[in-house]
Structure formats: structure tokens, C-alpha cells
Amino acid sequence: MLKDVTIGQYYPTGSVIHKLDPRTKILFTTAFVVMLFFLNNLWGYLATFVILVTITLLSKIPVGYIIRGIKGLVLIIMLTVVLNLFMTPGTTVATVGPLTVTLEGLKVATYMALRLIFLVIGTSIMTLTTSPIDLTDGMEWCMRFVPFVRRYAHELAMMMSIALRFIPTLMEETERIMKAQKARGANFETGNIISRAKNLIPILIPLFISAFRRADELATAMEARCYRGGENRTRMKQLTFEFRDGTSLVLMVMMIVGLYLTTMIQIPLIFPV
Amino acid sequence: MIMESKNRMIDVRDVYFTYPHNNENESVVALDGVSLHIEKGEFVGIIGHNGSGKSTLSKLLNAIIFPTQGDVIVSGLNTKDHENLWTIRQTAGMVFQNPDNQLVATIVEEDVAFGPENLGVPPQEIRERVDRALAVVEMQAYAHQKPHQLSGGQKQRIAIAGILAMEPECIIFDEPTAMLDPSGRREVMETIKRLNRDKDMTVIHITHFMEEIVAADRIIVLDKGKVVMEGEPRTIFRQVKRLKEIGLDVPQMTELAYELRIEGLKIADDVLSIEEMVNALCQ
């Protein structure tokens, strides 16, 4: 059951999007997320929607798989919508008991919901189309340009890749410990939340002890293999910026600029500006 | 003397090692005046009971820890000099017991590349070294697999490839088969023996399984931090009683011969393998 958990999910289809340089994808996703918060009318969201649909189709990832990613966030989205709907002051449109729905509230709520949904879809397309290794390499490269983080770029990337390496190992271990504790009569299935949480202690303690031991042994093994941080280190696989990356970068810049331009449109779509 | 030092891979000179303290603030002496040497191209087995100091010794050879007193010389370099640290670790590679806890990367070939990447080898050459190392351990077909999908023996062979890619002169194996099933153990042992035989690699093999070192050039027996016996497998293993006293086993066939001798059967005391046993019995 734990094997279903897929952190940093990757869905290989071999599409054009998959083959793009991870750096391009990371930069575009970052710009895209920032842009989402600048959009101030529905034209912008319509454009975003078109862009996302196009990318999804190009990536050949089943739409259902992407939508599944939003499911986990339904609660947060609902909460944001409800809060914004009733708490924004302005012209009243309807009253439900002590609560009033305003025109402004309706507008803000819609925008927030769309923002969140697009944010999740946009970022999950990136993780779905980029292998964990490419992603770490790409992030290491991108972090070089972020002040303060720059000094730790290599270390952070190394930590990420070790975490990814050990997720399946620790999952297996958790399952083994669970089975061992079940064999001794531990009960993980019944009881209320508090007693269930308490029941997890006999799993977590051995898991933590073993994780620390693993970390210690891994550190020794890394040192024995001459690991001494990022200085003077080379990489077998170099990130290569190809023609298609150039083309896609131009397209991506155009998309971001296009999204920005929508904020200047004065003609209202549904909501008055 | 010059000839001798030229062929010397490792020289351990009167080494003491003390672990600072345990819970009761007492220091623990792990090595108590150990002197030994390993020649180039040799296959040396190191055996000893738990706590005899064999793991401590292996870590000293790779400059992971340093002697409290005495010197460890690897390929003419003293591990005490900090400038030599990385050269020594590259020269004397080390394979550990737990295959899971020494693989770093999420993809097999990336893991093999880890060592040379640390050494700053140019990308193109790393590629060649990785392919070569994977070929030596016969794991090319698994280059793009994830380590957790492999068996214990396969993981251990990847760990060996990771060391080979650093192009060492000597590999120290610290109980590499202890956590493997019999078939995994056979895979790993075949790889180690092949490295020594075909690639002329100096091998130091620390183990609990006596059968694995029956074909070694030399065996060193450690007990309570001291070298107590040293010599060819045949000379070591015929001393069954002494080995048992320090809590060690002998190969199954040697043990059988020993028991038969006690029962009064006239049989040689240095039988090491099933074949030799068959021959001895049929005479």
C-alpha cells in the first residue's frame, strides 16, 4: 500500500515536453507561477487555460492523471473560495442568513480558485515530465543564480537526490517493520485518530534509528569514494541546451509576455473590470 | 629493501587504535600493536571474531580513521599526511557490508560515476570508465535500472563497479557477503576472485565465511586487536583447535577431517575443499 505513494512522480511518455532541458522547464514554471498572481481579468485565465491544455496535449500525459493531482487540494480550494466569497466587502448580490455575497467576493473567489488549480496543474506537469535526476540537476543549475542559496546549490541538490534514492528503501523498511509489529499483535487499523497516531510510535522509532544508521554508513561510504562537496567535481552527464530548447525558450517567453499583456485588456469578460 | 618497498601495497607499522570512550567513559583499545604488510597483486584474507579489530583495521587502510599510534603506509604514502588523503582513498577503494547504504544515486550508472565525478575526471572519460567498470562486474544490462530493483548480490557488484571506476590499485572488502543469500554470495565472490586473477587487483577480503578465503594467497588472523596467526590458508586452517579457541570456524571439509582424525581415521589435517576430501578418502 505504501508503494502507491509516489513523491516527485514522473510519467515517462517520451514526448517533446519530456525531452526539453530541465532548466527551461524550471524557469518557465517559475515565471508561470509568478504570472498567475499578476493576472487581473478572466482573459488572462482563459489564455492560461489554453496554454495548459496545449502543453498537456503535447506531453501525452493522460488528462485524468493530471486532474487527480488537484483532488488532494479540493479542501484548500473550497476553503479559499468560501472565505473570499463571504468576507470581501462590496456591492451585495445575495444574502444567505447572516452572510452576504458581494460582487467583488464572487470575483476574488473565482480568481483564487483558478489560480490554485492552474498552479497545481502547471507545477505537476513539470514534475510529471522531468525525471528526478534531471530535475535535481536543473535545480542545481538554477540555484546558482539565487543569492544566499547559491553557496549551497550543490549540497541542496545532493540532499535531494539522496532523499529520492532512499525513499523506496525506507518505504520497504517501513512495511517490514509494520509486518513485524503486526506479528507481535500491534493494531494499526482501528481506534480513533489519537490512538492510531500512538500506534505509529513502534514503527517510527525503529525506522528513525535505522535511518540514522544508514545515514552514518552512507556518509562513510561517500567519503571513502572521495566525496568532498561540490568543489572541483565534474559530472558524467552534462546538461545540453539544444535547438529545441532554444525554440521552446522563445515560445515560453512569448507566452509569459502574452499573459502579461492580458492584464492590460480593458474589455470586461463576465465580470466588470 | 628498494625492491621490497616497490612491490609493497600496504604497510601497517606497529599500529594502535583506541576508540575515545564508551558509555562508562572508558576508552576501548581496538588495535593493540598491529604490524602487517600486503604486497601488490596479493589476495589476503583477514579473519577474526567480532570485536577483534578487523573493521577498524579496514577503515585505517582507507584513511577514514587514523592510527592513535604507529603508521599506515598505502602505496608509499602515510595516511597521517592530510595532503595524501584523497590519493589514498582513490588508491585503496573500499566496499562495505550493507549494499543499500553505499549506493548514492537513483540510477545504476550514475552511482558508478559518483567516484570519478568526485575526482574531477572529465565527463567523456567518466563515461568510458563507467562502461568499463560495469562490463567487469557484468552488469552492463542494468546500467539504467534503479538500485532498489536489484538483488543484494547485484547491488554489491554495482558497489564494486563504483570503486573500479576510480581506478584503484587495491580494494578492501569489509564483509561484502555478510548480508547476502548464498547465490548473491557466490556472484560477489566470483567477481572478487576474477578481479584478483585477471585484473591483477590487490584484494584484502575481510570475512566470516572461511570457504571464501580457502584460495587466498595469505590469511591474517586477528584476535583482541592483535595479529595472532599469519600464513597460507593450509597452514592456518590445520590449526583447528587454536582457531576454535579464538571463536573462529574452519572450512567445513577441514572440520570434517579434524573430526575424523579424532575418531582415529588416518587423514591429512590440511584438507580444504570437497575435492581434496574425496581424494583423501579414496586413497
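How many residues of chain B are in contact with residues of chain A?

## The two chains together

In this predicted model, 32 residues of chain B are in contact with 26 residues of chain A, where contact requires that the C-beta atoms of two residues, placed from the backbone, lie within 7 Å. Residues are numbered from 1 along each chain as its sequence is written, and chains are lettered from A in the order in which they are written. Because the model is predicted, local features need pLDDT of at least 70 and side-chain atom pairs count only at pLDDT 80 or more, whereas totals for chains, interfaces and linings use all residues.

On the side of chain B that touches chain A, the elements giving two or more residues are helix H3 (85-91), helix H4 (108-119) and helix H5 (123-136) of chain B; helices (H or I, at least four residues) and strands (E, at least two) are DSSP runs, numbered from the N terminus. H4(B) gives the most, with seven residues. By class, this side of chain B has 16 nonpolar, eleven polar and five charged residues, with Ala, Val, Leu, Ile, Met, Phe, Trp, Tyr, Cys and Pro counted as nonpolar, Asp, Glu, Lys and Arg as charged, and the others, Gly among them, as polar.

## Two helices of chain A

Helix H2 (residues 22-36) and helix H6 (residues 103-129) of chain A pack at an angle of about 180 degrees, with their axes 10 Å apart; the axes are lines fitted to C-alpha atoms over the stretch in contact, and angles run from 0 to 180 degrees between N-to-C directions. H2(A) is therefore roughly antiparallel to H6(A), a term used for angles over 145 degrees. Among the residues making the contact are A:Phe32 and A:Val33 of H2(A) and A:Phe118 and A:Leu119 of H6(A), and the contact as a whole has six nonpolar, three polar and two charged residues.

Residues of H6(A) that are buried include A:Tyr111, A:Ile117 and A:Phe118, where buried means that 20 or more other C-beta atoms, placed from the backbone, lie within 10 Å of a residue's own, exposed means 12 or fewer, and partly exposed lies in between.

## Two residues with positive phi

A:Lys60 has a positive phi of about 60 degrees although it is not a glycine, and its place is in the loop between helix H3 (42-59) and helix H4 (63-71) of chain A. Because A:Lys60 has 15 C-beta neighbours inside 10 Å, it counts as partly exposed.

In B:Glu175, phi is also positive, near 50 degrees, and this residue is in the loop between strand E7 (170-174) and helix H7 (182-198) of chain B.

Key:
Parallel < 35°, antiparallel > 145°, perpendicular 65-115°, else oblique.
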